[in-house]
Amino acid sequence: MKNFVINPVLNKEFKLRFRSYKSFLGLLFYLLALAILIVGFVFIESLTSSQGFFKPEQSRMMFMMLSVLQLILILFITPGLTAGVISSERERQTLNIMLTTAQSSASIILSKLISSISFLMLLIIASLPLYSFVFLYGGISPQQVLTTVVYYSFTILGFGSLGVLFSTLIRKTIVSMVTTYAVTLFLVGGTAFLTLILLQFGQGYYNTSTASTPPTVPYAYFTAMLNPVIVLAGSFEPGIHDEIYRITGIKTPLWVSYTLSYTVIFIGAILFSIKKLRPNMKKGK
Amino acid sequence: MIETIELTKRYGKFTALDSLSLKIEKGTVFGFVGQNGAGKSTTFSILATLLAPTSGTAFVNGYNVQNEAKMVRRQIGYMPDFFGVYDQLKASEYLHFYGASYGIPLTEREKLIPQLLDLVNLTHKRDAYVDLLSRGMKQRLCLARSLIHDPEVLILDEPASGLDPRARIEMREILKELKEMGKTILISSHILPELAEMCDRIGIIDQGKLVAEGGVAEIQAQLKGEKVITVILTGRAENAIAFFEDDPLVARLQYLPEQHAIEFTFKGTEQEQVELLRSAINYGLAIRSFAEAQVDLEDIFMEITKGVELS
């Protein structure tokens with residue numbers, strides 16, 4: 001444990017990241033964007049409201065919107081931060097030297113992942129005071145905010161591990177980035193699109209079926225369980241998940257399947273990255 | 001200390017390393033000479049556990065590079081031919097990072113790093129950002145980095161490449177110091193005369209094959225089986241030319257009028273060489289100097305690699 005906490009790669013990465021002003025500028029712009037959104041939302045809602053004040057229902061709406069928006073931002077930033085962690089060392093010609101040290105491949109991969117996602121975690125934690133705006137107007141419990149933060153952290157780990165995997169497997173950072181973004185796009189946009197199509201398909205059957213028990217479309221569940229936005233939105237609006245359960249005929253909560261799927265993805269991606277970081281000396285291929 | 005047995009590396013149909021067998025004893029400074037693409041870096045990468053051989057194997061300090069890669073990494077200090085640095089790290093932080101990577105405790109590193117910086121003459125650059133150092137300084141810092149865990153074996157791939165003459169001399173002096181410390185050093189370079197000066201033994205590699213191995217003189221004898229002797233005269237040249245031409249072991253004799261000397265190749269042993277000189281003096285030739293010509297390592301290298309290409 002002590003070795004992990006004072007891991008040299010982690011230590012070096014933190015030093016490199018926070019010595020540069022770019023990280024602080026990034027943090028500033030991220031918080032500014034969020035603040036503008038919150039203030040803008042409150043302002044527009046107050047203007048359009050006939051009573052001229054902001055209601056708890058609107059506050060809840062704002063929280064949902066912010067949470068989904070922040071999730072999309074996270075999904076957009078995670079590949080950028082993780083898809084170059086190993087390939088950039090390779091391009092900078094520092095990887096070979098690192099690989100000849102006594103550090104284990106597991107230590108290098110995990111430290112790289114943690115250091116890259118820690119910046120995202122910082123963004124999320126720094127945005128929490130802005131989130132607390134919603135408490136001023138009600139409609140949201142602290143537990144919901146906490147659950148959302150835990151959900152973000154888990155999602156970052158899952159998608160971050162994919163970035164690290166591609167960064168390990170692909171030599172060039174740019175190709176690794178494109179691949180990671182493409183996979184992320186599929187897991188967010190692609191699965192959402194497929195879920196909608198499949199649900200429509202099932203809905204059509206449901207409406208036209210004359211049988212006493214309508215046919216189910218289980219595939220829609222499998223695409224939905226991989227989609228972080230659907231899972232998060234469903235936690236705010238349980239009706240979304242209920243509709244999926246009804247049409248697909250699968251009652252297992254989506255968040256459980258999501259957690260299991262991304263745990264498998266995370267473990268698989270990390271183990272494969274560890275295996276592929278150094279050459280297999282026993283097999284000269 | 002270092003042993004390779006039939007070490008081979010193929011990339012598809014291309015053979016980068018062809019059955020390389022080599023043995024380097026502890027404390028030896030071994031120079032690896034070869035043209036670009038000859039297989040030097042491939043050999044070094046395999047020894048540094050960065051590349052798996054297609055067949056054959058290698059041992060470093062008794063540890064097999066394939067089965068005991070972790071242990072091999074602890075034995076070696078590796079300096080690649082091309083390497084990068086981290087932009088935002090200072091020289092001392094750079095060494096701290098690698099020291100920590102070998103599990104060296106902070107208190108020990110704090111004692112060790114000033115010593116290493118002193119060894120490579122970079123004490124004054126301790127707090128300078130690594131990317132702002134000159135190429136020569138970066139090379140020296142990288143050398144200090146490769147020494148941080150006090151390895152028994154140093155694998156230095158072209159440590160003097162791209163350096164100006166002054167930086168090369170500094171690097172050479174550091175390597176001499178390391179040799180005195182008893183390190184086993186495997187070094188490759190294109191600066192062949194420098195290798196001759198520094199190395200105990202030299203291996204010449206061409207198209208993935210080790211074509212010659214030994215001391216400079218040994219290699220010369222091994223490959224040419226003859227030496228060039230220059231005799232500077234004070235008396236008449238005609239008598240000397242007639243005398244040496246009569247010897248069956250002498251060939252390709254030529255007179256060098258500017259130096260008033262004759263030069264010829266001699267195929268005999270060291271004892272026969274002594275006898276030749278003795279009989280020349282007894283014959284009454286006035287000889288001011290009788291010496292084996294210093295054959296440049298580059299000449300040997302060109303000769304050998306030319307031979308390989310022709311065959």
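**Reading strands, helices and a chain contact**

Me: In S8(B), B:Leu186 is the bridge partner of B:Phe30. In what sense do S3(B) and S8(B) pair?

Reply: Before that, the ground rules: this is a predicted model, where local features need pLDDT of at least 70 and side-chain atom pairs count only at pLDDT 80 or more, while totals for chains, interfaces and linings use all residues. Residues are numbered from 1 along each chain as its sequence is written, and chains are lettered from A and ligands numbered from 1 in the order in which they are written. Now the general idea: strands of a sheet pair through backbone hydrogen bonds, either parallel or antiparallel. Here S3(B) and S8 (residues 184–188) of chain B are parallel, over 4 bridges. Two strands count as paired if DSSP finds at least two bridges between them; strands (E, at least two residues) and helices (H or I, at least four) are DSSP runs, numbered from the N terminus. S3(B) also runs parallel to S9 (residues 201–206) of chain B, again with 4 bridges, and there B:Gly31 has B:Ile202 as its bridge partner.

Me: Which way do the residues of S3(B) point?

Reply: In a regular strand the side chains alternate between the two faces of the sheet. In S3(B), B:Val29, B:Gly31 and B:Val33 point one way, B:Phe30 and B:Phe32 the other, and all are buried. Buried means 20 or more other C-beta atoms within 10 Å of the residue's own (exposed is 12 or fewer, partly exposed lies in between; C-beta atoms are placed from the backbone). Since 5 of the 5 residues of S3 (29–33) of chain B are buried, the strand is largely enclosed by the rest of the structure.

Me: What covers the buried residues of H3(B)?

Reply: H3 (residues 91–101) of chain B has 11 of its 11 residues buried, including B:Glu93, B:His96 and B:Tyr98. Among what covers them are H4 (106–119) and H5 (135–147) of chain B, along with H2 of chain A. Contact means C-beta atoms, placed from the backbone, within 7 Å. After H3(B) comes B:Gly103, with a positive phi near 75°.

Me: How many residues of chain A are in contact with chain B?

Reply: Chain A brings 22 residues, in contact with 29 of chain B. H2 (8–19) and H6 (95–99) of chain A each supply at least two residues on the chain A side, and H2(A) gives the most, with 5. That side splits into 7 nonpolar, 10 polar and 5 charged residues (nonpolar: Ala, Val, Leu, Ile, Met, Phe, Trp, Tyr, Cys and Pro; charged: Asp, Glu, Lys and Arg; polar: the others, Gly among them).

Me: In what order do the 4 strands of the open sheet in chain B run?

Reply: The order is S12-S13-S11-S14, with antiparallel pairing. S12 (250–256) and S14 (287–292) of chain B are the edge strands, each pairing on one side only. Neighbours are turned by 15° against each other on average, direction ignored. H9 (237–246) of chain B packs on this sheet, touching S11, S12 and S13 (261–266) of chain B, and its direction makes about 170° with that of S12(B). Axes here are lines fitted to C-alpha atoms, for helices over the stretch in contact, and angles run from 0 to 180 degrees between N-to-C directions. For one pairing up close, S11 (227–233) of chain B and S14(B) are antiparallel over 5 bridges, and B:Ile232 has B:Ser289 as its bridge partner.

Note on methods: Two residues are in contact if their C-beta atoms, placed from the backbone, lie within 7 Å.
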